[in-house]
Amino acid sequence: AGQGCTKIMSRARWLEWSDRVLCEDTTVTAIRGGERLAMGHAQIPTAHASLHVRRDMIASWHMKVTKKASNRGAIFIGIESFNKDPGDKMVIGNDWYQESCRDVAFYYSSDGDLCQGDVVVKKTESSYGSGDVIGIQMCDGILTFLKNGDPVGELKGLKEFNQVAVQLRRPGDKVKLIKELVDKAAEKDIEKRKAIEERKKVENQARLQREEELMRKREQERLLKIQKEEEERRQRELEERQRIELEERQRRDAELNKLREAEEERLKKEKQEAERRRIEDLRRAKLAREEAARKQAAEEQIRKVARSRGGYCEDEDPDAPSNQEVQDFLNHCLPLRLLAAKQMGMAALPSYKETPFMNILLTPQQHHAIKKHLTEVKKKSSLERSSIASSSRM
């Protein structure tokens, strides 16, 4: 177990292990959990692989976590590094997570941390568990840790000699050693990993390009959708404005029609009223013509009667009363004038009751006499009123 190895092994195997594990061919299983001892020491289920590899060599290891028994206990897979073969190796089973192991233990925790002793060098955010394959590749003194073929990080600072080891925490934890490769086989394995990385990188770039193209396409679609929605919004606003304008025009047209109908109705009523007035004027004109014709007939009758009595004069007397004066006389002054004629000793006329209203007649001489008498009476009465007014002022 203490011999170093610088050649390709024909078959991977575990070289040594603590009493807390059971080693069956290439599989190591924890049969007891880790335990804290006196003086701050601890015993952890541990197993070492068969190869001791110098720092300037190329090597590669692959292990499969067959079973992780509990989520509470972590599994450590890594390298124990030392300067002599096997001179200053740490005691098998000592816990790696302590200050004294910072330059000895370089490992990948199932929690996803890359550590050196009790120092977390990098949090990979890539934890592992049952079914995952963990790889360790060493080249130019640098350790590259893999999970299912994908690199998760690197650790540096190795000593001269290095040996792969695992530390388990809970009974039932199980790890299988799949490959131990050095020199050309390891170089080929690393090249294969790099080729896979390059292919994945190309695939990732292609995927990123596809995603970018898809994102650009989605962005274009989003912009087109926004543009379409904006156009639809503008179209809706335009239609709404047009609808409002149409409703406003219809409202104005309805108001104008209402005003027009009201104006037509007013004009119709005015026309009807004008027609009614015209008809009324025609009726009054007809009545006036009839009245004038009746008066003319009455005057003709009066002339006939006057001629028959000898008091009619063909020549018009400038002092003769007008038709209106005759009418006023007949309607208002007849009784007084009959009385005045009687007082003056003139011949009696037919009585008012015995003569029809339009046939009460006076001769022109009687007219002049009565008119003169009434004028003198009016003057006398006016002088008397003036004299009384003057006396009262004095």
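Visitor: When does a residue count as buried or exposed, and what share of the 394 residues of the protein chain counts as buried?
Guide: Buried means under 20% relative accessible area, and exposed means over 50%. This is a predicted model. With that cut-off, the share of the 394 residues in the protein chain that count as buried is 30%.

Visitor: What is the mean pLDDT of the protein chain?
Guide: Confidence stays under 50 in pLDDT over residues 1-10, and also over residues 350-360. Where pLDDT is low, the predicted coordinates should not be read in detail. In the protein chain, 76% of the residues reach 70 or more, and the mean pLDDT is 81.

Visitor: How many strands does the protein chain have?
Guide: Seven strands form an open sheet with antiparallel pairing, in the order 2-3-17-8-13-14-15. The protein chain has three helices, and its strands number 17.

Visitor: Which strands stand at the edges of the open sheet, and why is one side of each left without a neighbour?
Guide: The order of the sheet is 2-3-17-8-13-14-15. Each edge strand has a single partner strand, so one side of each has no neighbour in the sheet. The edge strands are strand 2 (21-24) and strand 15 (150-155).

Definitions and conventions: Residues are numbered from 1 along each chain as its sequence is written. This is a predicted model: local features need pLDDT of at least 70, side-chain atom pairs count only at pLDDT 80 or more; totals for chains, interfaces and linings use all residues. Side-chain values use heavy atoms; hydrogens and water are left out. pLDDT is the predictor's confidence in each residue, from 0 to 100. Contact means heavy atoms within 4.5 Å. Two strands pair if DSSP finds at least two bridges between them. Helices (H or I, at least four residues) and strands (E, at least two) are DSSP runs, numbered from the N terminus. Buried means under 20% relative accessible area, exposed over 50%, partly exposed in between (1.4 Å probe, protein chains only).
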